[in-house]
Amino acid sequence: MSLKPVGIGLMQGLFVVFKHATRKRITEQYPEERLTVSRRTRAQELVWDPGLCTGCATCVKACPQGNLKVTTSVGPNNNYIVEKFENDEGRCIFCGLCVEACPYEALFFGRRYERSQYSRGELIADKDEMSGDDKERSAYFRPDLYDDLPEQTLLIYRKHKKII
Amino acid sequence: MALKTDLVTLNIGPHHPSTHGVFRMRVTLDGEMVREVEPMFGYLHRGLEKLAEGRTYTQIIPFTDRLDYVSSMQGNWGYCLAVETLAGIEVPERAEYIRMIVSELQRMINHMLAVGFFITDLGAMQTPFLLMFREREKLVDLYEMLCGQRFLYNYMRIGGVSHDLPPEFFPAVTKFMDEFPSYFQEFEDLLIGNEIIQARAIGTGVISAEQAINYSMSGPCLRAANVDWDLRRDAPYSIYDRFKFDVITGKNGDNWDRYRVRMEEVMQSYGIVQQALEQLQEVPPGPVKAKVPNLLRPPVGEVYVAIEAPKGEMGFYIVSDGSIAPYRWHVRSPDFINLGALRDMAIGSKIADLIATLASIDICLGSVDR
């Protein structure tokens, strides 16, 4: 390849850079401005519905990490009573195989993603934490919830914003 | 007057921004010239091949995300294809098209990132890299819509894919496909005429076609050395025989050729995605996953299936003993094997070119160390 007079290619490149120098920003200023996550999001928590769960532990068998812990006892009508339902969210890889496997649709993904804690022990979610009322449920493998969730913000439709 | 210099041994890595992960090179230097390179790896070794032996066939799919984490979709695909071949499972046509679209988009992502890293390692701070990252971000948004995560998809299943494409996927991907060529032209304007990149990349890190074949290299590195070999054309798997695309080859096997081959392959992948989107319109909606038992027990036997992943030939070797877990699972990761040629490419060059050569091989330590 024959080199052109040195400098022309560099100037061409700089011209592209200058075109971007004047445009408005497309990024978000995170804690103040937030994006909506996908409807099928696999965020950093699991939500468990105690009313639907029968304690069959199919989710435990599906987990590649051996991460879910379920303990049951036999109830009065010969059914299972779930005594312990725990997920160590510090070791969970959020693959979603447990949600996919649940035959009674009692396990969901949540939509919360700010889950930092000061110690690993605080990341273990127990029965009460997983079944809290304030939990938003994701439509991952739960197509019934799909239409009710807000639309995801996509960068491709994002309008340029003024630089603050 | 000849200067008397001693050889200096220098450790580059394992934690060094230019080593693309935790990769370490012990370099023997004579002044600025590289006399010996000794790659050392294993810092990210997680024993995935051993871990897989205790897990069912479906539970291994999340591990294939973590092999080559820049192009997880292709890892998913290679593994699922291997298990389907072993168990004789037929994949629905719609699922084949969805796999094709997401995987070729993934190849575009991988090549854009590879070029971005390469230019960054040549010293162009972050501008070209971030321009490529912006395009990647648009596609990663689409993957999030599809399967819920942006990076480790776990999207494919044995016998198909986990979800059908959502209704809002098509307008978004069409908009991306309309806009992409103009943005891509922007990268080309920015980089192709740049004299610094030409001076740094042309003629450095050269590997001949013969050496490349002897090292068993594959993917863009092999094609840049002027070997016309692409598994998508020469051993078509899935539905690649229905698409028209060119196999791009370079001339000299230097860093410049590897950069150009990647950039042109992006546009070939773009063409494949466009054809796949057109052909998908004619496929009636239907199931996207074949009926496969939860605990799959493939027949006793072994299989080796290779796909053309963005980095080269990614092969999966599975031995089944008829139980629910594989007896042995081995991955032929392309970047591990391409990395073997680094020594021959780098000896005799300057230390700055060694960094550029490493970047041009496009390694991902997740799949080098496994």
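Student: Which residue of chain B forms a salt bridge with A:Glu100, and how far apart are the closest N and O atoms?

Tutor: A salt bridge here is a side-chain nitrogen of Lys or Arg within 4 Å of a carboxyl oxygen of Asp or Glu. A:Glu100 pairs with B:Arg157, the closest N and O atoms being 2.6 Å apart. The rule finds two salt bridges across the interface of chain B and chain A. This is a predicted model: local features need pLDDT of at least 70, side-chain atom pairs count only at pLDDT 80 or more, and totals for chains, interfaces and linings use all residues. Side-chain values use heavy atoms, without hydrogens and water.

Student: What area is buried between chain B and chain A?

Tutor: Interface size is often given as the accessible area lost when the parts come together. Here that is about 3400 Å², with 54% from carbon and sulfur atoms (1.4 Å probe, summed over both parts). In chain B, B:Gln59, B:His163 and B:Glu195 lose the most area to chain A, together 16% of what that side buries.

Student: How many residues does each chain bring to the contact?

Tutor: Contact means heavy atoms within 4.5 Å. Chain B gives 42 residues and chain A gives 42 residues.

Methods: Residues are numbered from 1 along each chain as its sequence is written. Chains are lettered from A and ligands numbered from 1 in the order in which they are written. Buried area is the accessible area (1.4 Å probe) that two parts lose on being put together, summed over both.
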